[in-house]
Amino acid sequence: MQQFANPARFLKIANAALPYIWSITAILFAIGLYGALVTTPPDYQQGETVRIMYVHVPAAWLGLFIYCLMGFFSAVAFIYRHPLADAAAKTAAPLGAVFCFLALVTGSFWGKPMWGTWWAWGDARLTSMFILLLFYLGYMAVWSSIDEPTRAAAIARIVALVGVVNVFVVKFSVNWWNTLHQPASVIKMGGPSIDKSMLWALLTMAVAYTMLFLALHLVSMRSEIAARKLRQARLIEIGNR
Amino acid sequence: MLQQALALITRDIVLARKQGGGLGTAFGFILSVMVLIPLATGPDQILLSKLAPGMMWLALLLSVLLTADRMFQQDFEDGSLDIMAMGKLPFEIVTLAKTIAHWITVSLPLAIITPPLGLLMSLDISQLPILIVSMITGSLALSLLAAIGGAVTAGLRRGGLLVSLLVLPLYVPVLIFGVAASTASLGPSSSTPALIVLCAITLMSLIISPWACAAALKAYLR
């Protein structure tokens, strides 16, 4: 862990790995999308609309996974005070928010033909995903409203850590709230189990999404490090004047 | 340590009483929300009595939220927090003491005053006791979570909107179980489980909040 924390070494490894990660992402997306759109069978109840699942479910998984990852980076930053961990958490947030947003939008596209409505508060997963998006927005707002980077980092760590603990409490309470109201209109998504003929495409898409996130995250961490160097160089220049 | 903490709580209560404003304004806010809701939904008695517990909770948590951004700001600006941070008392205890003072001066009185206003919204009178109990149970959690927002934005000039964005998602569990406890008495189910979960949420906030407040304020004080 510690040896990757040196920004120069991190940049070296990231630059070397990025072409491979991009190619793996492209190959996985090609296989996964072909499987999802062409070879997998349509659902016997949902018909062709089930194909939305292959873009919707991985986005939702990543939305939650990235938030946990952000909490992990923030914990590392809180314990070891390493700026690279702060940069990792900061750059993960917008990506996670976008995946979360994608999950919400594709979910509502799926909901329209299935439930007959764009949005159903009765579905606990939609509701808690929406609240997760709010947590992302709050975290990003902290970074943008505090000017000084070290101070913003210190505050953002705490917001992320408090958020990670609470996001699960929120999810639990929304699930409970949902069972309390027992909506009649909502059909259970996905059914009790998923057939093997569909599962492989879904898993391929999930890995493809994760690789895409990894590539985008490395790129944005690289530009974050560059932005910091630029800022420091400017400060030195002003100081020398 | 306890004595110092108590002295700090007393100081904050006295300050709040001498300065005034906080509680009275928050109460006025709840009153104006009570007027606006029927104007927005129409005067239908059955609809209003159905909406009443949820709307009372919403009014309570929004009014507590409005007082959040001033919780640490004043002491931060005049330097009192610097002195408290340098003292022997652990800084987590300092933030906890200030939060408890906020609870005593703002959240608790509001939690007691708000439920009777539900009668304006044709709240079922049999629901009144349980609404008061659940609001008192949840009010400490409201103060603790608001303190996190207040601490995170203590050094910012315009922190109000940021506080809302950060704290409102944290209020979701309190709102859900608070309303569930208040409405359970209408149906066949008991309101005890929801009240117990509400206590659990309060206890969890009691662990997280002082730590988070202290860490955030220290980032500003450095």
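Which residues are linked with B:R11 in a network of salt bridges? The network joins B:R11, B:D12, B:D75 and B:K98, where a salt bridge is a side-chain nitrogen of Lys or Arg within 4 Å of a carboxyl oxygen of Asp or Glu. Select these four residues of chain B to begin the tour.

**Before moving on**

This is a predicted model, in which local features need pLDDT of at least 70, side-chain atom pairs count only at pLDDT 80 or more, and totals for chains, interfaces and linings use all residues. Residues are numbered from 1 along each chain as its sequence is written, chains are lettered from A and ligands numbered from 1 in the order in which they are written, and side-chain values use heavy atoms, with hydrogens and water left out.

**Stop 1: chain A as a whole**

Read from the N terminus, the order of elements is α-α-α-α-α-α.

Of the 241 residues in this chain, 46% count as buried. Here buried means under 20% relative accessible area, exposed means over 50%, and partly exposed lies in between (1.4 Å probe, protein chains only). Chain A exposes about 12,500 Å², and carbon and sulfur atoms supply 69% of that area; accessible areas come from the Shrake-Rupley method with a 1.4 Å probe, and for residues only the protein chains shown count as cover.

Contact means heavy atoms within 4.5 Å. Among the contacts in chain A with a separation of 6 or more, 80% are between residues 24 or more positions apart.

**Stop 2**

Select A:D86, which is found in helix 3 of chain A. Is A:D86 buried or exposed? A:D86 counts as buried because its relative accessibility is 4%. Beyond the residues up to four places away in sequence, A:D86 touches A:A77, A:W143, A:A153, A:R157 and A:R228.

The side chains of A:D86 and A:R157 meet in a salt bridge, at 2.8 Å from N to O. This pair links distant parts of the chain: A:D86 belongs to helix 3 and A:R157 to helix 5 (residues 149–181), 71 residues apart. Both A:D86 and A:R157 are buried. Side chains of opposite charge can pair when their charged atoms come close.

**Stop 3: A:E224 and two salt bridges**

Next, select A:K90, A:E224 and A:R228. A:K90 forms a salt bridge with A:E224, with the closest N and O atoms 3.3 Å apart. This pair also links distant parts of the chain, since A:K90 is in helix 3 and A:E224 in helix 6 (residues 196–240), 134 residues apart.

A:R228 forms a salt bridge with A:E224 as well, its closest N and O atoms being 3.4 Å apart. A:R228 and A:E224 both lie in helix 6 of chain A, four residues apart, about one turn of the helix. A:E224 counts as buried because its relative accessibility is 13%, whereas A:K90 is partly exposed at 27%. A:R228 is likewise partly exposed, at 27%. Over all chains, the count comes to eight salt bridges.

**Stop 4: a loop in chain A**

Select A:R81, in the loop between helix 2 (53–80) and helix 3 (83–115). Its phi is near 55°, a positive value in a residue other than glycine. A:R81 counts as exposed because its relative accessible area is 51%.

**Stop 5: where the chains meet**

Show both chains and select the residues between them. Here 24 residues of chain B are in contact with 28 residues of chain A. The buried area, which is the accessible area (1.4 Å probe) that two parts lose on being put together, summed over both, is about 2,200 Å², and carbon and sulfur atoms give 86% of it. B:P169, B:I176 and B:W211 supply 20% of the area that chain B buries against chain A, more than any other three residues.

Helix 7 (128–152), helix 8 (160–184) and helix 9 (192–221) of chain B each supply at least two residues of the side that touches chain A. The count of salt bridges between chain B and chain A is zero.

**Stop 6: B:L206**

Finally, select B:L206 in helix 9 of chain B. B:L206 is partly exposed, with a relative accessible area of 34%. Leaving aside neighbours within four places in sequence, B:L206 is in contact with B:L96 and B:L144.
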